[in-house]
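Please keep the model open while you read.

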Amino acid sequence: MNAKTPHPAIGGNWASLLLPIAADDSIEFDKLGEEIDILIDVGVDGIYSNGTAGEFHNQTEAEFDRIQVMLAERCQASSMPFVIGACQPDPLIMLNRVRRAAAFAPRAIQVILPDWWPLSDAEAADFLKRAADVACGIPLILYNPPHAKRVLSPKALGMLCAAVPEVIGIKLADGDAAWYAETRRHLSGLSLFVPGHHLATGIKEGVAAGSFSNVACLSPRGAQAWTVSMRDELDAALDLERRICTFMDAHIVPFRQEFGYSNAALDKLLSAIGNWGPVGTRLRFPYRSIDMAEAVRLRGIARSELPDLFP
């Protein structure tokens, strides 16, 4: 068991801030502002910046600051909860991002473990303690994705977070029944964020607090309604989850498994399929983007197979 310092609960359907990228590789900040306004109007549970799909690894520090200013000002004006991703593979750059992010008073700050050389358990604890110090009371969420240099087990995560109580949540991939049992054993008391297309299962297993959601990339409004439905219509939500996973496996995952596109490319493809905002499919150089024609091709299929997500 893992007793945590009390903080406001974080959970539900969190929408990723995706960067509209122009043909010259610049960030289209006017479109970014429009995207934030759309997500606020939809009424998602929260908006987070600088996840993988936000291309945190491919920004200047001036761009990082401008993105967070835009997000914070709009969210604070509308009382929309927001989380800032201070992630960066370089630990010194990341700590400086944490320090600057704290000034915006987000609900939490998301970090990764420095990623050029895998950290030992002691080094990971040292880093998170330093991040907590510079966050000045803003709680931390640890992002430990499947492609991290070290993917920590639930037991290892529990020990790490027990050593740094300022870490109140973890974004991670889920697993099988044994993984869920281990997670209940070692990570109770933490807000756990599972992949969006597995959220109903995570709720059923008594593990997930919410998701930083790829389903919200496809349809923020539909993902929000689906998340709300899990409170009293879990069987129907699980049925929709099965159909979402079938759609993902048939039409989205092959772009990664067969053609080598990045997860950020897949999330931008989902957004373009949903066609709810001005994001587009373009990634920043040197990462390859999925052609917009693929999104157009898949729009009708998505609406036919997942009408629940497009009310």
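## Helix α10 against α11

Phe 247, Met 248, Ile 252, Val 253, Phe 255 and Arg 256 of α10 touch Asn 263, Leu 266, Leu 269, Leu 270 and Ile 273 of α11, where contact means heavy atoms within 4.5 Å. By class, this contact holds 9 nonpolar, 1 polar and 1 charged residues. Here Ala, Val, Leu, Ile, Met, Phe, Trp, Tyr, Cys and Pro count as nonpolar, Asp, Glu, Lys and Arg as charged, and the others, Gly among them, as polar. This is a predicted model, in which local features need pLDDT of at least 70 and side-chain atom pairs count only at pLDDT 80 or more, while totals for chains, interfaces and linings use all residues. Residues are numbered from 1 along each chain as its sequence is written, and side-chain values use heavy atoms, leaving out hydrogens and water.

Two packed helices are described by the angle between their axes and the distance between the axes. For α10 and α11 (residues 263–274), the angle is about 135° and the axes are 9 Å apart. Axes are lines fitted to C-alpha atoms, for helices over the stretch in contact, and angles run from 0 to 180 degrees between N-to-C directions. That makes α10 oblique to α11; angles under 35 degrees count as roughly parallel, over 145 as roughly antiparallel, 65 to 115 as roughly perpendicular and the rest as oblique. Helices (H or I, at least four residues) and strands (E, at least two) are DSSP runs, numbered from the N terminus.

## Helix α10 against α12

Helix α10 (residues 234–257) also packs with α12 (residues 292–305), at an angle of about 165° and with axes 11 Å apart. The two are therefore roughly antiparallel. On the α10 side, Arg 243, Phe 247, His 251, Ile 252 and Phe 255 take part, meeting Glu 294, Arg 297, Leu 298, Ile 301, Ala 302 and Glu 305 of α12. This set divides into 6 nonpolar, 1 polar and 4 charged residues.

## The annotated site

In an unreviewed entry, UniProt lists Tyr 143 and Lys 171 under "active site"; such annotations may be inferred rather than shown by experiment. Tyr 143 lies in strand β5 (residues 140–144).

## Two backbone details

Most residues other than glycine have a negative phi, and most peptide bonds are trans. Ser 79 is not a glycine, yet its phi is positive, about 60°; this residue sits in the loop between α2 and β3 (82–85).

The other detail is a cis peptide bond between Phe 285 and Pro 286, with omega about 10°. Pro 286 is in the loop between α11 and α12.
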